[in-house]
Amino acid sequence: MDFTEHNKGGDFSISGYEAGEIEVAGQRYGQAILVKTGEVVELEAKGCQDLTEEVLSQILQQRPQPELIVVGTGSKQQFLPAKLQAMVAKERIGLEMMATPAACRTYNILLSEDRKAWAMLWPTEAEN
């Protein structure tokens with residue numbers, strides 16, 4: 001019998017998160033990131049409400065497109081502006097928004113199931 005290793009999720013699963021940081025593939029990021037197949041892209045938006053149509057349009061032009069984008073909105077669940085949600089829907093891509101810790105776990109589960117998913121993540125804030 002021939003066995004072939006199938007590494008679901010590759011090296012770009014989320015390996016950790018804490019206040020102000022997200023770790024992907026052994027690299028720590030202290031800002032918003034887009035995690036996609038084989039690549040992490042740093043985003044220039046302090047919060048999900050600061051994401052612009054121009055930046056989202058550039059993200060959506062990348063190929064191959066995912067079937068789902070998981071959005072981690074920081075310490076608590078928030079929603080992208082309706083106009084941005086409509087842009088994603090127009091591309092027939094699912095969109096799920098949740099707090100970043102939940103988004104990290106969800107993204108890793110999707111990768112383990114061989115789903116075509118991306119994660120757009122904002123670090124959580126330190127609790128006072």
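The lining of the largest pocket splits into 6 nonpolar, 7 polar and 4 charged residues. Here nonpolar covers Ala, Val, Leu, Ile, Met, Phe, Trp, Tyr, Cys and Pro, charged covers Asp, Glu, Lys and Arg, and polar covers the others, Gly among them. This is a predicted model, in which local features need pLDDT of at least 70 and side-chain atom pairs count only at pLDDT 80 or more, while totals for chains, interfaces and linings use all residues. Residues are numbered from 1 along each chain as its sequence is written, and side-chain values use heavy atoms, with hydrogens and water left out.

Stay at the pocket and select K46, G47, W122, P123 and E125: of the 17 lining residues, these lie nearest the centre. The space in the pocket is about 280 Å³. A pocket is an open set of points on a 1 Å grid over the protein atoms alone, where a 1.4 Å probe fits, with protein on both sides within 12 Å along at least five of seven lines; lining residues have an atom within 4 Å of a point. Points are joined across faces, edges and corners, and the volume is the space filled by probe spheres set on them.

Next, switch to a cartoon view. The protein has 3 helices and 8 strands, in the order β-β-β-β-β-α-β-α-β-α-β along the sequence. Helices (H or I, at least four residues) and strands (E, at least two) are DSSP runs numbered from the N terminus. Of the contacts (heavy atoms within 4.5 Å) between residues at least 6 apart in sequence, 68% join residues at least 24 apart.

Now select the loop between α1 (53–60) and β6 (68–73), where P64 sits. The peptide bond from R63 to P64 is cis, with omega near -5°.

Two further loops hold non-glycine residues with positive phi. Between β2 (21–24) and β3 (27–29) is A25, with phi of about 50°. A25 is partly exposed, at 42% relative accessibility. Between α2 (82–90) and β7 (94–98) is R92, with phi of about 60°; R92 is exposed, at 78%. Buried means under 20% relative accessible area, exposed over 50%, and partly exposed in between (1.4 Å probe, protein chains only).

Finish with the cysteines C48 and C104. C48 is buried at 1% relative accessible area, and C104 is buried, also at 1%. The disulfide count is 0, a disulfide being a pair of cysteine sulfur atoms within 2.5 Å. Across the protein, 39% of the 128 residues are buried.
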